[in-house]
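Subject: Structure for your review

Hello,

Here is the structure we discussed. Please look it over; my notes follow below it.

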Amino acid sequence: MDNEYIKKMLSEMDKDLASKGLSRRDAMKLAGLSSASFLMGGASSAEAAEEEIAKTDAKGRILIIGGGLAGMSTARRLTTKLSNPDITIIEPNEYSSNYQPGQTLVGGGIWDVDEVIFKRDDYVPDSVKLIKEKAIAFTPQENFVVTDKGTKVEYDYMVVATGLHLDFERLKGITAAGRCYTAGDNSTLLKVLGDDVCSIWTTEGSARTWEIMQAKIAEAKKLADAGSKKKLRFIFTHPNTPIKCGGAPKKIMNLANARLKEAGARDNVEMLFCTNGGAMFGIPEYHDAVLGQFKREGFKWKYRHNLLEVHKDRKVAVFDSKWQEKGPWDPIMHEYEVIPKHEKVEIAYDFLHIAPPQMAPREIRESNVGSPAGWVPVNKHTLQHFQYKNIYSVGDVAQVPMGKTGGSVRKQYKVLVDNLVAQMAGKKLPKKYTGYTVCPLVTDIGRVMLAEFNWTVKPAPSFPLDPTVERWMWWLMKVHLLLPMTQIGMLKTGRA
Amino acid sequence: MQVKFQLVTYDEELDKFDLDESVYHLELDDEQSKTYELLKDGDLHLYNWFQESDFFLNWIKEEVYPDSIGKKFAICDIDDVSFRRFYFFKVTSGDVHYEYFKKLFGLIEESEWQDREDFGKNILEYLPAKRQELVMELQDEAEVEDETEA
């Protein structure tokens with residue numbers, strides 16, 4: 001980002017703010033105040049007062065499965081609410097608490113990978129016991145789990161926060177990549193993906209994405225320098241399963257676009273987004289805004305295209321392409337029926353970024369704790385298991401309607417802790433999660449659309465500014481504020 | 001004013017709805033007309049109002065389905081407002097119904113990956129419970145009072 005770029009951004013921001021009757025100073029003050037409260041969990045005065053409530057003497061053995069952001073933040077907050085916490089975390093991965101939202105920035109060459117790698121042991125609260133094993137068998141009827149080392153752990157209350165599995169195994173041609181978690185050793189995956197295919201969904205993969213992206217940009221630059229009209233094709237996919245950070249496939253596409261422009265090689269690359277869905281975003285207002293941005297940047301896109309196969313030898317991706325045709329008239333419904341159709345479509349690529357299919361971990365899916373679909377079936381408001389009332393779930397593995405994001409976890413873990421503590425004290429569950437989530441959608445280097453929404457399917461902005469506008473200050477927040485908020489606000493203090 | 005109704009009958013044993021092809025007309029008094037005007041764009045609010053109104057149930061019992069105590073039925077259309085999707089919904093129905101039910105049942109997954117078959121399955125899981133809320137049963141008032149007293 002050079003000075004001219006920053007000046008241009010500031011000038012655009014000033015124009016935009018002026019139309020709302022705000023100066024930059026006022027806006028930053030407003031954003032600064034809001035950001036500060038954001039860091040403290042968007043605390044209203046009522047919430048702030050609640051923080052002052054003394055710890056309770058409620059007792060019970062709490063077992064947390066998973067030491068990622070959701071599990072570890074929940075443990076931390078529980079220690080702030082209970083006088084004598086008896087908490088055990090089961091987590092085998094030394095780097096389970098990584099900062100996953102930063103992986104897009106690593107993949108786009110903004111951050112080094114070291115900035116998103118956190119050591120699990122640095123975040124385990126003092127009073128919490130850590131079992132460095134993997135929970136593999138759940139017996140919720142008798143309140144115990146068994147680990148891969150044969151340890152039987154009994155509990156009175158359990159919080160399931162295992163996260164999810166990245167299911168590369170489902171994609172023909174790269175099935176040897178298997179299933180994996182975001183953090184940890186993913187050398188097999190990287191080896192299988194090779195030099196033209198990448199994915200920011202693993203920590204190591206995000207660093208590898210930047211390497212591959214640079215190599216491909218250099219290829220495009222050579223074409224540009226030679227005055228060639230030839231275009232490389234960069235493909236970015238979005239699968240047919242729920243994924244964590246639904247905006248990430250577009251974020252990495254936008255960063256690749258920014259890097260190509262920076263290199264003067266954009267005209268020699270066709271940017272293609274292939275999504276299983278039928279829209280750019282589930283919220284109409286954000287869909288319109290993202291579509292406008294796609295048109296502005298000259299991107300191409302294909303809806304209802306789900307990646308099935310990768311032929312690395314021919315550099316061809318195979319998609320299941322779906323469409324609908326008009327069927328016969330239905331005299332009762334007073335409308336034409338809709339007949340779904342599909343076929344396989346091959347598209348050649350030079351650079352392929354995969355957002356992998358994602359699923360609940362096998363041990364959850366196959367246990368009584370998980371639903372037939374795999375996710376942990378919880379009341380979407382209280383986060384309490386439908387069948388086993390002493391079990392809760394938080395984060396990516398919880399079966400709530402939308403938003404497998406860090407922003408969702410930031411709201412969920414506080415609701416869960418308050419409800420769990422109330423249950424331990426024999427009280428009614430007092431808190432409800434309303435579905436808030438946030439996707440800071442990086443649209444360029446220096447620009448972010450802060451897409452906040454909830455179950456009303458409407459934008460739910462925390463700031464009195466048009467949420468569909470890409471702004472430099474949200475970029476500043478994404479790059480400078482959200483990481484410390486996660487690291488300090490959630491993992492270290494359990495208050496944000 | 002006059003309001004036009006079309007109804008569906010419910011067979012509990014088969015858990016099946018059948019369209020009653022007849023069209024029925026109910027005359028509303030001034031007060032009822034005012035309420036109707038206020039609620040006519042209110043979809044289920046309009047439905048609920050009729051469902052909970054004695055004048056409507058009495059009209060059904062006396063004029064539409066006389067001597068049919070125990071009969072179960074539901075409203076299918078009220079003038080131009082249709083509730084057919086509740087009783088005849090199928091996966092091949094148009095997008096407008098998916099959008100309606102997605103909102104009604106809070107099926108707001110990350111919609112970029114969802115397709116109509118997935119939504120259809122989810123909707124079909126939720127619909128039976130919702131339908132039961134809409135079904136009305138013609139009851140003998142005396143029996144109801146007796147039960148209440150007992």
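In this predicted model, helix α4 (residues 69-81) of chain A packs against helix α12 (residues 472-492) of chain A, with an angle of about 50° and axes 8 Å apart. An angle of about 50° makes α4(A) oblique to α12(A). On the α4(A) side, the residues in contact are L69(A), M72(A), S73(A) and R76(A). They meet T486(A), M490(A) and L491(A) in α12(A). By class, four residues of this contact are nonpolar, two are polar and one is charged.

The crossing of α7(A) and α8(A) is right-handed. From α7(A), the contact takes in T209(A), M213(A), I217(A), A220(A) and K221(A); from α8(A), it takes in I252(A), A256(A), R259(A), L260(A) and A263(A). Seven residues of the contact between α7(A) and α8(A) are nonpolar, one is polar and two are charged.

Next, a single helix. Helix α11 of chain A runs over residues 406-424 and has 19 residues. From the first C-alpha of α11(A) to the last is 26 Å, close to the 27 Å expected at 1.5 Å a residue. Is α11(A) mostly covered or mostly exposed? It is mostly covered, with 16 of its 19 residues buried. Just after α11(A) comes G426(A), which takes a positive phi of about 75°.

Last, the contact between the chains. In it, 26 residues of chain A touch 18 residues of chain B. Which strands of chain A each supply at least two residues of the side that touches chain B? They are β15 (316-330) and β16 (335-348). The largest share of that side comes from β16(A), which gives five residues. Sorted by class, the side of chain A that touches chain B has 14 nonpolar, nine polar and three charged residues.

For the side of chain A that touches chain B, β16(A) is the element with the largest share.

Regards

Methods
Residues numbered from 1 in each chain as written. Chains lettered and ligands numbered in written order. Predicted model: local features only at pLDDT ≥ 70, side-chain atom pairs only at ≥ 80, totals over all residues. Axes fitted to C-alpha atoms, helices over the stretch in contact; angles between N-to-C directions. Helix = DSSP H or I, 4+ residues; strand = E, 2+ residues; numbered from the N terminus. Parallel < 35°, antiparallel > 145°, perpendicular 65-115°, else oblique. Contact = placed C-beta atoms within 7 Å. Nonpolar A, V, L, I, M, F, W, Y, C, P; charged D, E, K, R; others polar. Left-handed = near helix turned anticlockwise from the far one by under 90°. Expected span 1.5 Å × (residues − 1). Buried ≥ 20, exposed ≤ 12 C-beta atoms within 10 Å, placed from the backbone.
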